[in-house]
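Try each task before you read its solution.

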Amino acid sequence: MFDQVYSPLQKIEHPLLTNFYVKRDDLIDPYISGNKWRKLKYLLKSAAEAGKTHLVTFGGAFSNHLVATASAAARAGFQSTAFVRGEPVENQMLLLCRLYGMHLIFTDRESYKDKRVLFDQHFGASASAFFIDEGGASAEAVKGCAEIIDELPDDMDLLFCAAGTGTTAAGLMQGILERQLHCELHVVPVLKGGAFIKDEMSAHVKVDQQLHLHTEYHFGGYAKTQPALLTFMAQFASSYGLLSDPVYTAKLFFAIHDLAEKQEIDKDAKIVALHTGGLLGILGMQEKLSKLFT
Ligand SMILES: *Cc1c(COP(=O)(O)O)cnc(C)c1O
């Protein structure tokens with residue numbers, strides 16, 4: 001199921017950048033979206049090779065990773081279970097998980113902290129259960145994300161991506177280094193204090209001067225937003241026909257626009273932004289967005 005990928009490179013007619021492209025990983029699949037598809041590819045292979053039939057994973061109540069895992073599991077013939085952080089709630093994301101047959105176990109924040117312990121408590125005795133960390137973080141995920149580089153032009157000058165844990169960025173760095181491209185990797189952390197992304201990446205890959213972190217575009221932190229970001233997101237969508245989500249990719253596109261405006265990136269450089277998908281994240285901001293636009 002992971003063999004065929006539809007993810008074109010789309011040229012954007014941007015007023016400040018002459019050579020700007022978006023790698024449309026958001027088009028790979030509506031539910032196994034973007035980087036989650038890349039991250040799950042080799043995890044599901046590992047699970048199948050180990051003879052496992054039941055994927056067990058972890059996430060918050062609005063996690064793109066949970067929907068992606070539920071959908072991928074159903075399609076590839078696995079059972080799936082997720083430990084969901086916090087009090088029992090219902091929302092559109094969890095509804096999708098349930099429709100795909102995922103079993104949900106709500107877990108208080110304290111117990112949620114140690115995922116291996118949780119897994120062992122519930123599934124330690126099960127020969128069929130396969131552990132997938134929160135967000136899919138793993139060596140397999142890095143490998144899957146490194147493959148994105150094979151689908152991009154060799155002569156890119158700058159490659160941009162958003163980062164939550166930095167696993168995707170680590171994969172891109174690995175791909176760039178393995179293929180000895182001159183391209184710089186520009187990473188936009190969506191969490192506050194995003195300098196930690198460098199350490200997270202270092203756990204997987206040699207990080208060198210080709211990496212540039214832009215830590216000032218978090219808009220208050222993870223899943224935090226500000227009217228300026230939402231307005232930008234709407235403008236970007238109506239100008240280019242490209243939707244982004246407020247948690248990840250709107251921050252990425254905002255950063256690129258801002259850096260271009262400040263002339264911190266060369267306007268003629270060949271720039272690719274990786275659209276990592278996650279558009280269901282818009283559902284989590286429905287109220288805020290509706291207030292702003294009605
Ligand atoms: C999960 C997610 C990310 C974060 O990826 P990391 O590998 O954790 O850095 C980025 N963009 C989108 C749309 C996501 O859903």
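**Exercise 1.** Which residues does the domain assignment give to domain 1, and which to domain 2?

*Solution.* First, know the source. This is a predicted model: local features need pLDDT of at least 70, side-chain atom pairs count only at pLDDT 80 or more, and totals for chains, interfaces and linings use all residues. Residues are numbered from 1 along each chain as its sequence is written, and side-chain values use heavy atoms, with hydrogens and water left out. Now read the bounds, which come from an automatic or database domain assignment. Domain 1 takes 9–30 + 139–293. Domain 2 takes 36–136. Their centres, taken over C-alpha atoms, lie 25 Å apart.

**Exercise 2.** What area is buried between domain 1 and domain 2?

*Solution.* Buried area is the accessible area (1.4 Å probe) that two parts lose on being put together, summed over both. Here the value is about 1600 Å². Carbon and sulfur atoms give 57% of that area. On the side of domain 1, I28, E140 and L280 lose the most area to domain 2. Together they make up 30% of what that side buries.

**Exercise 3.** How many salt bridges does the rule find across the interface of domain 1 and domain 2?

*Solution.* Start with the rule: a side-chain nitrogen of Lys or Arg lies within 4 Å of a carboxyl oxygen of Asp or Glu. Applied across the interface, it finds four salt bridges. E151 forms a salt bridge with R38. Their closest N and O atoms are 2.9 Å apart.
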